[in-house]
Amino acid sequence: MHQEKLTGLLDRFNEESRGINIEASEIVTTDGLSLAASLPAGIDADRVGPLCAGAFALSRAIAKEFDMGELGQVIIKGSKSSALVNFAGEQTILTLRFDVDANIDEVNEAVKNVSEEIRHSIVS
Amino acid sequence: MKDIQQITAEIFESMPVATRFNDADAALVKQHKDILLSIEDELAKGFYDTLYEHQKTADILGGEDRAKRENVLRSWWQKTINSDFDDAYWEWQVFVGLIHIKQKVTNPMMISMWGWILTALRKLLNERLNQSELDTVMMSFERLAATIQALTAESFLANYVQAIEQATGFNNNLIDRMVGMQIDGLIKNRATASI
């Protein structure tokens, strides 16, 4: 039930976010289970999911050691694209890949809105 | 995070009861206590001769005084033969797994030396017990060996994984998923290679 809702939500998000250069997105649990994904052909959601959950877990451990407070987001910068790994509510992570030319403020605003919808979908 | 008691309980639950060291085995060890304690010198000498003759195990022993090293086995043997084989004893064997990680004693090293102990025991006890007694005592020691090897080896793995969990923040389910993902890949590669 959640998965159907989340997949619909991600499809809509990707459609609406094309203008701000978001290329792919996935929602996973903190233990790496893929709940919904909208990824380009050739990218395996079941492989990306645990890696994103791992990146988030490791970053959270770093944030704790550095006394940084609660971790909200991890940024991974590549030469072609970048990725954001975001906390999206109870035991849920939203990851998205966006073009290097994307405006990060616009991406963050979109992430904030969709994270709110994900949180709402999961608790309802 | 699991503590030693939890790890011990889970390992025991995994082992079929018939394969585990039992009360009758403990009674048999007690019955032959004097004979078993009398072979300590030969056991300790042979055990460390074997370890010092092999480069990888000798490297772990390092330059430390041999008599001091032998005392580790002597102490373990005495405690084992005098043991009530209660929870404290089994939890101690689980703790050994933790120490093995620290000292870089691998499971192949531990298991192969258990094989050596069983062979040496049979040889040493053959001179002191009749055939029927020898067979019964050896069956008890085989169950003891299986039980301790299971505790030590599983504790090695459980503690290793727990250390990774704590260091990285990865939870157990995430590690299981990642391991599963890699194993599927390895099986697929192996199957493809063998076609």
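1. Val74(A) stands opposite Val85(A) in β4(A). Strands here are DSSP E runs of at least two residues, and helices are H or I runs of at least four, numbered from the N terminus. The model is predicted: local features need pLDDT of at least 70, and side-chain atom pairs count only at pLDDT 80 or more. Residues are numbered from 1 along each chain as its sequence is written, and chains are lettered from A in the order in which they are written.

2. Strand β3 (residues 73-77) of chain A pairs with β4(A) in the antiparallel sense over 5 bridges; pairing takes at least two DSSP bridges. The two strands form a hairpin with 3 residues between them.

3. On β5 (residues 92-99) of chain A, β4(A) has 7 bridges, also antiparallel. Phe87(A) has Ile93(A) as its bridge partner in β5(A). Within this hairpin, Gly89(A) takes a positive phi near 105°.

4. Of the 7 residues of β4(A) (residues 81-87), 6 are buried, so the strand is largely enclosed by the rest of the structure. Buried means under 20% relative accessible area, exposed over 50%, partly exposed in between (1.4 Å probe, protein chains only).

5. Ring pairs link Phe12(B), Phe21(B), Phe85(B), Tyr89(B), Trp90(B) and Trp92(B) into a cluster. Rings of Phe, Tyr and Trp (its six-membered ring) pair with centres within 6.5 Å; planes under 30 degrees apart are stacked, over 60 edge-to-face, the rest tilted. The count over all chains is 15 aromatic pairs. Phe12(B) and Trp90(B) have centres 5.6 Å apart and planes at 80°, so they are edge-to-face.

Methods
Heavy atoms only, no water.
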